[in-house]
Amino acid sequence: MFQIVQRISQRGHWSRWVYAAALIGIVLLAAVLRLHRVEQTPGWFSDEGTHLAIARSLLAGRVQYLALNQSTLLAARLPLFEILLTGSAQVGGLSIGTLRTLTGLLGTVSVALLYRVVRAATGRRIALLAALMLAIDPQAVLYNRLGFSYNLLAPLVLLALWGLVTYRQGGTRSGLALAAGAIGIGCVSDVMMSAFALPLLVLVLRTRPRDAWWSIGLMVLPFAIYAGLMLADAPDAFWFDLSYTLTRLGGKPLSDQLRGLALNYTILLTQDAWFLAGLIGLFLVPVRALRNSALLLLLVPIAVLGRTVALYNLSAYYLIPLLPLLAIGLGTFLDRAFEFVRTTIEASWTTSSAAVRMLLSIGAASLLIVTPLSISLDDTLRKVETVYPTDIDPFLIDPASAQQVADYLNTHSQGDDLIIASPAIAWMFTAHVADFQMSAAAAGQATPHLPANIPADRWAFDPHFDQAQYAVVDPLWRNWGAVHIPAAAAMLAEIEGRWSLVYESGTIQVYRRPR
């Protein structure tokens, strides 16, 4: 019997089919968790509306985000994800469902790709466990269900990891080219991807320093092409947006940056058990090239980003590209924990049969490890089937209410009317729409995301508050805008005090300026 158990654990021809079947099951589970009822839950977030507003303009042949024209970089939006979304909208229509299906599929692809990357370095068992952990990680499921462009970075980070491990193990330039190319492509999707360039350079300098120059060139090439196209089409707008973006990223004093970084690490390590277990597991990865590459790709971007932005609560979506790396650590941690529990139980068992002792210890270890994961998975499945609560619920809007408000305004407003609304719902209106930050910036008041000196020719239409006929007040305006932007608070006070409430659905109100 013991020999039979040994054969089961070996990599025979039939066992490959078992692993393949398990992988298919994991990928299907990941797809269900990420795509089932994705348009209904969670509620809609502001960033999703931003992507859809840009895609709407691209479908109409314009580079425009609500009232801002010529470039979307001022809104921290680079072209790759927006083009991908626009292509998806041509097939599935412009909707939250299309956007979230795209990001859900990217999350599902990341699960399958993670298995392939880890298997190439360590073998099937840890690879399968890593894929399972990414598939059921509650945070990964949640943020794959939301339409964030950072979901595109996750598979690109995995490709970069695959290339770096290949390069470190064999010194092949094709591996480095894959890693540098993936990072470069990511840099025309989100500014965050540039944080992964530093770990690549560290690994290159430790492996073959002379490869640094051409790998830098490969990483820079996609953004250089984008910059060249923008300089040919709208040079002033591009330089203005780029200057503001770079200033915004590095504007905090060093002392504030260090405090922010320390706070981020403290919260991540003390309040997120999955993060802590994943980080510990990464130090236990048996293959040095995979261990070092994954740790650098995880810790360096956290250090770069954590100086200036929060990586928790409302801004936890910055962790999306890092979750596959943590899943490698989680898979390794789970593998080591299983072996530790199994050997401890087996050593303490008194039965004389080695085969029975092994089977009993495997069963007991499996029960101890699988039970908490099953509880977590059951909780996630119930959320997907009903309502998916999140830490950012105070800033989300209800899909049914949003559709009702859009139907009302699209039948009561004229094409040249100005509507002030948050991006979460603004993309749905057919009239001119500006968000409350644009109205504040047009009046010369800086906001957390827009400067006060935007050139007049950047406005596709006049977004000043005094030009608005309608205002749509939702949870984002009340719970974030009015709290952090004095101009938004002043607008809200005037709207609620002097304008007429003409329609209401759920937590969304529509006001009309007095005639």
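Which residues of β5 point one way, and which the other way? I looked this up in what is a predicted model, and I found that Y470 and V472 point one way from β5 while A471 and V473 point the other way, all of them being buried. I noted beside this that in a regular strand the side chains alternate between the two faces of the sheet.

**Entry: the sheet around β5**

I then traced the sheet itself, which is open, has 5 strands in the order β4-β3-β5-β7-β6, and shows mixed pairing. I marked β4 (432-434) and β6 (500-505) as the edge strands, since each pairs on one side only. On average, I found neighbouring strands of this sheet turned by 25° against each other, with direction ignored.

I went through the pairings next. Strand β3 (residues 418-420) runs parallel to β4 and is joined to β4 by 3 bridges, and within this pair I found H432 of β4 to be the bridge partner of L418. Between β5 and β7 the sense is antiparallel, with 4 bridges, and here I noted V510 of β7 as the bridge partner of V472.

**Entry: helix α9 and its surroundings**

I checked the length of helix α9 (residues 173-186): at 1.5 Å a residue its 14 residues should span 20 Å, and the end C-alpha atoms are 20 Å apart, so the two values agree. I listed G175, L176, A179, A180, G181, A182, I183, G184 and G186 as buried in α9, and I found that the buried residues of this helix pack against α8 (150-170), α10 (197-207) and α11 (212-233).

The crossing of α9 and α10 is left-handed. At this contact, L176, A179, A180 and I183 of α9 meet A197, L200 and V204 of α10. I noted for the spacing that an α-helix has 3.6 residues a turn, so residues three or four places apart point the same way.

**Entry: helices α5 and α6**

I turned to helix α5 (residues 96-122) and helix α6 (residues 124-136), whose axes come within 8 Å and cross at roughly 155°, and which are therefore roughly antiparallel to each other. The crossing of α5 and α6 is right-handed. I noted the residues making the contact, among them V111, L114, Y115 and V118 of α5 and I126, L128, A131 and L134 of α6.

**Entry: Q139**

Last, I looked up Q139, which lies in helix α7 (residues 138-144). Its relative accessible area is 19%, so Q139 counts as buried, the cut-off being under 20%. Leaving aside neighbours within four places in sequence, I found Q139 in contact with D272, A316, L319 and L323.

How values were computed
Residues numbered from 1 in each chain as written. Predicted model: local features only at pLDDT ≥ 70, side-chain atom pairs only at ≥ 80, totals over all residues. Heavy atoms only, no water. Helix = DSSP H or I, 4+ residues; strand = E, 2+ residues; numbered from the N terminus. Buried < 20%, exposed > 50% of the residue type's maximum accessible area, 1.4 Å probe, protein only. Contact = heavy atoms within 4.5 Å. Expected span 1.5 Å × (residues − 1). Pairing = 2+ DSSP bridges. Axes fitted to C-alpha atoms, helices over the stretch in contact; angles between N-to-C directions. Parallel < 35°, antiparallel > 145°, perpendicular 65-115°, else oblique. Left-handed = near helix turned anticlockwise from the far one by under 90°.
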